[in-house]
Amino acid sequence: MKYILMICFWMSITLVGIQAQPRVEFNKKTHDFGAVLWKNPVTATFQIRNIGNKPLVISNVTTSCGCTDAQWTQSPIAPGAEGMITSTFDAMALGRFQKTIGVYCNADYRPIYLTLCGQVTTDPRKVLQLPYRIGDIKLDKDAIEFDDANKGDRPFVELLVANVSGQPYPPVLMHLPPYLSAEATPDTLAHEGYGKIKVTLDTEKLPKFGVTQAVVYLSRFLGDKVSDENAIPVSAVLLPDFSRLTSAQLQNPPVIHLSATHLDFGTLAVNEKKSQTIVISNTGKRDLEITDLQVLDGSLGVHLKKRVLKPGTSTKLKITAYGRQFEDRKRSPRILIITNDPNHPKQIVNVSVTSK
C-alpha cells in the first residue's frame, strides 16, 4: 500500500511539473511589408503573450541574414503578460525577400520561427499603395510615436508620403510643438511622386517625464487649414532619469507587477460601456510611485485608487470602454503607465474592442 501511495505521490509531482510551464502566443507569425522602397529600412513588431503559468524567458532571437536585426523583451514575461520582438530589414537588395527570425525561449526546446516578406522596389507606383490617406496624400503611418526616449536623445520618425493628386505637392507639417522639427525630402513631390518627412524630437524641450501628447496637421495643398481630417496624433514617452540612484537603491528597487497587460472587452454597442479591473502590485523593496497614467485613446476612461504603493501592497486600476467613441477610432487603444521602477519604468495595457 505504501508503495502504491509513493508512486501516486511522485506521479502527481511530475504532472504538476509538466503542467506548470510557459506557453507562447503570437499576434502573427508572418509580416508582409508589401512594396518597400529601396534603401528605406522597414520594421515589424510581433507581440508575444505568455498564456502559460510560469514566467516566459526569451533567451535569444536570431535572423537569417545580416540584412535583418532584432530586439526583444529581455526581462521575464509573467503569465498573462506580453512582450515584443521587433525586427528591421535594411531593404538594400532589390527584389522579393523572405527572411526568417528564430525565437529561442523556455516554452519550447525548438526555436519558434517568424517570417518577414515583401518586395524591394525603386518603382514609386508600387509604393503608392500606402495604407493611410489624407486628402490626395498617402502615408505609411497615421500617428507619430516616440517610445522610450531618454533626456538628451534626439530620436526621429520618418513618414513616407506619396502624392496622388494631379498637382505638385510640397509636404508640410503644421502646428509643430516646440520640441518637434520636420524636414521634407524632396521639398516638392510631382504627381505620383514620393518622399519622406523626417520628424525629430528634442527631448530637452519636452515639458515633463512620462508621456506628452500633441497633434500636428499635414498640409494637403498650399494654404490648407487645420481640421480633424488632416490631424496626425503625436506621442512622446520620456523615461524617468535614474542616473542619480545610489547602488543601494538600484539593488532594492520597487517592482511593478500587473495582473494583465491585455484586456478584451468583446463586442460593444454604440450606447454601451463595459469596465474591467487590473491589479497593480509592488513586489519590490521600496515604495512604487505611479508618476504618470495616460490613456492613448479617447475611447477609454481610467480610475486609479492609489498612486503610491508600499512594498507588498496592491491597488486597482479600473478601465472603462465606451462604445460611442469606438465607432471612429483609427488605432487600437492603449494605456500607458510610468513608474519609478528602474527596470520597468514603462508599462502598456493594450485593449481590444469590436464595435457592433
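Analyst: The protein chain has an average pLDDT (the predictor's confidence in each residue, from 0 to 100) of 85, and 89% of the residues score at least 70. This is a predicted model, in which local features need pLDDT of at least 70 and side-chain atom pairs count only at pLDDT 80 or more, while totals for chains, interfaces and linings use all residues. Residues are numbered from 1 along each chain as its sequence is written, and side-chain values use heavy atoms, with hydrogens and water left out.

User: Where in the protein chain is confidence lowest, and where is it highest?

Analyst: Where pLDDT is low, the predicted coordinates should not be read in detail. Here the lowest mean, 50, belongs to helix H1 (residues 2-19), and the highest, 96, to strand S23 (residues 308-309). Helices (H or I, at least four residues) and strands (E, at least two) are DSSP runs, numbered from the N terminus.

User: Which residues have the most contacts inside the largest nonpolar core?

Analyst: In soluble globular proteins, nonpolar side chains tend to be buried together. A nonpolar core is a set of buried Ala, Val, Leu, Ile, Met, Phe, Trp, Tyr and Cys residues joined through side-chain atoms within 4.5 Å; buried means under 20% relative accessible area, exposed over 50%, partly exposed in between (1.4 Å probe, protein chains only). The largest one has 26 residues, with Phe26, Phe46, Ile58 and Ile85 making the most contacts inside it. Elements giving two or more residues to this core include strand S2 (30-37), strand S3 (42-50) and strand S8 (112-121). Another core, of 25 residues, lies apart from it and includes Tyr169 and Leu218.

User: Which cysteines form a disulfide?

Analyst: A disulfide is a pair of cysteine sulfur atoms within 2.5 Å. The count is one: Cys65 with Cys67, whose sulfur atoms are 2.1 Å apart. Cys65 is partly exposed at 22% relative accessible area, whereas Cys67 is buried at 16%. Also buried are Cys105, at 9%, and Cys117, at 12%.

User: What is the order of the open sheet of five strands?

Analyst: Strands of a sheet pair through backbone hydrogen bonds, either parallel or antiparallel. Two strands count as paired if DSSP finds at least two bridges between them. In this sheet the order is S9-S10-S12-S15-S14, with antiparallel pairing. Strand S9 (132-134) and strand S14 (180-185) each have a single partner strand, so one side of each lacks a neighbour in the sheet. Within it, three bridges join strand S10 (residues 137-139) to strand S12 (residues 156-163), and Ile137 has Asn163 of S12 as its bridge partner.
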